[in-house]
Amino acid sequence: MKLRKVLALTLAAAMTLSLTACGGSDEGGAEAPATETPAADDGAAAETPAADDGDEAAAPAASSGVTYASINLGEDYKDLTTTIKFIHHKTDREEDGTISDLIAKFNELYPNIMVETEGITDYQEDALLRLSAGDWGDVMFIPAVDKAELSTYFIPFGTVEEMSEYVNFADEWMYDNMCYGIGFMGNAQGILYNKKVFADAGITELPKTPDEFIAALQAIKDNTDAIPLYTNYAAGWTMGGQWDAFLGAITTSDKTWLNQKFVHTAEPFKDNGDGTGAYALYKILYDAVEKGLIEDDYTTTDWEGCKPMINNGEIGCMVLGSWAIAQMKAAGDHPDDIGYMPFPITVGGKQYATAGPDYSYAINANASEENQAAAMVFVKWMVEESGWCEIEGGYPISKTAPTSFVFEGVEVVRNIPALEGEEDFLNEMNAESELSFNAGGDAKVQRIVEAAFTGEETFDDIMADWTQVWNDAQEACGIEVLY
């Protein structure tokens, strides 16, 4: 195997978590969120296979016998006295006091369960090292581990069927039909926008198609002083890391397309002629740049600077996962102006959005019985009572906790995992083609911006080139073309 393929496969494994895991140090990009699988930032992660339906044999229960469903918050374990440790990647929330405030509220209900916390900057790499050493505490966010190893490191919260009554995405960290991880928040894929800017531009209905979206951007340019679409080109991760996230069910309505059909398709980038598919997705960006509906100089975009800009109405919209909502709301005096809308592609009269968990809580299998019970109580409280998901503006995890997250008229779906035996096909195609979809392929999307701005390449030229390297990769990887 070529060296670049080895490196790309390694990167793809690490990037898997970064598709949804949002920035701990308030730099959403270092751990650029995107599609369906929780992911990481910059560590060398073990490859995580697709969810294993497994057999029905139950994994060993917690040594304490406690499960998520068995706990009645505020009633059970009130006399339990112990100290547990929680390690996480949200260093920004460690620094601004959010986590300590949440723990203080937890202690109002459970004053005898002390919770020590540690925010880790290079979380993905550090967490994997600590996991292997066995000395990390009682609760952690799961790094990119092989799902076959989940029962080695963690205790189950309950069966997937049982947990699905309480939380969304109970099958994300599933093995042998047991749930080993619960997201601390969810991420949906859409577009962040300033509601006042849209109103001032005369936009009364959110755009649902590429043509309507470009028309909305033009209205913003014609009627306001705001930048219609801020590309965040210079950040890099905001290119492939964000635009690739819409491949699959959002742009095709087909939940099997991304992980099962994409690699077997002869012309995945062809123009469908109806404003759907990968062609329509990336052409939105090309058209916006070509028509001058972005910042004046895309090379000087500023990730930190864009936050107060959109809060203050200097930007109309940005393509970012829902994890960014909280950051933009907190960046100025106009949090209520920040809105979130579905991606403007409609298939068969319906819009789709994908959503999945960010980093997920897990409990140490080697912790004492008392600490396992305390950890289970703490995790359940964090999921159902803390409001942390709501603070972050996340897609809801708990099925009982109140949420303000709304995607009206949109069907929220998940891209179905790869077929058994084909789990590595997309990684291999990404490496061979060097397009790296959902795996750090920022350069290919930056190319679209550059080409549209300079006029040196047409969009169809770029799509034809992508098709050629894709077909070459299929041949080199021995992947059968079926569609």
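Select Leu281 and show what surrounds it: setting aside neighbours within four places in sequence, Leu281 is in contact with Trp243, Phe246, Leu247, Thr251, Phe343 and Ile345. Contact here means heavy atoms within 4.5 Å. The model is predicted, so local features need pLDDT of at least 70 and side-chain atom pairs count only at pLDDT 80 or more, while totals for chains, interfaces and linings use all residues. Residues are numbered from 1 along each chain as its sequence is written, and side-chain values use heavy atoms, with hydrogens and water left out.

Leu281 belongs to helix H12 (residues 277-290). Helices (H or I, at least four residues) and strands (E, at least two) are DSSP runs, numbered from the N terminus. Is Leu281 buried or exposed? Its relative accessibility is 0%, so Leu281 counts as buried. Buried means under 20% relative accessible area, exposed means over 50%, and partly exposed lies in between (1.4 Å probe, protein chains only).

**The whole chain**

Of its 483 residues, 58% count as buried. Among contacts between residues at least 6 apart in sequence, 77% join residues at least 24 apart. The accessible surface is about 18,500 Å², and carbon and sulfur atoms account for 45% of it. Accessible areas come from the Shrake-Rupley method with a 1.4 Å probe; for residues, only the protein chains shown count as cover.

Next, select helix H17 (425-433). How many of its 9 residues are buried? The count is 7, so H17 is largely enclosed by the rest of the structure. The buried residues in H17 are Leu426, Asn427, Met429, Asn430, Ala431, Glu432 and Ser433. Glu434 follows H17 and has a positive phi, near 65 degrees.

Continue to Ser436, in the loop between H17 and helix H18 (442-454). The phi of Ser436 is also positive, near 50 degrees, in a residue other than glycine. Most residues other than glycine have a negative phi. Ser436 has 16% relative accessibility, so it counts as buried.

For another positive phi, go to Asn177, where the angle is near 65 degrees. Asn177 is in the loop between strand E6 (174-175) and strand E7 (178-179). Its relative accessible area is 18%, so Asn177 is buried.

**Salt bridges**

Now show charged side chains. Side chains of opposite charge can pair when their charged atoms come close. A salt bridge is a side-chain nitrogen of Lys or Arg within 4 Å of a carboxyl oxygen of Asp or Glu, and the structure holds 17 of them.

- Select Lys196 and Asp200: they form a salt bridge whose closest N and O atoms are 2.8 Å apart. Both lie in helix H7 (residues 195-200), 4 residues apart, about one turn of the helix. Lys196, at 47% relative accessibility, counts as partly exposed, and so does Asp200 at 44%.
- Select Lys261 and Asp254: the closest N and O atoms of this salt bridge are 2.7 Å apart. Lys261 is partly exposed at 24% relative accessibility, and Asp254 is partly exposed at 22%.
- Select Arg447 and Glu457: this salt bridge brings N and O atoms to 2.7 Å at the closest. The pair links distant parts of the chain, with Arg447 in helix H18 and Glu457 in the loop between H18 and H19, 10 residues apart. Arg447 is partly exposed at 22% relative accessibility, and Glu457 is partly exposed at 24%.
- Select Lys90, Asp92, Arg93, Asp96 and Glu392 together: salt bridges link these residues in a network.

Asp460 is partly exposed, with a relative accessible area of 46%.
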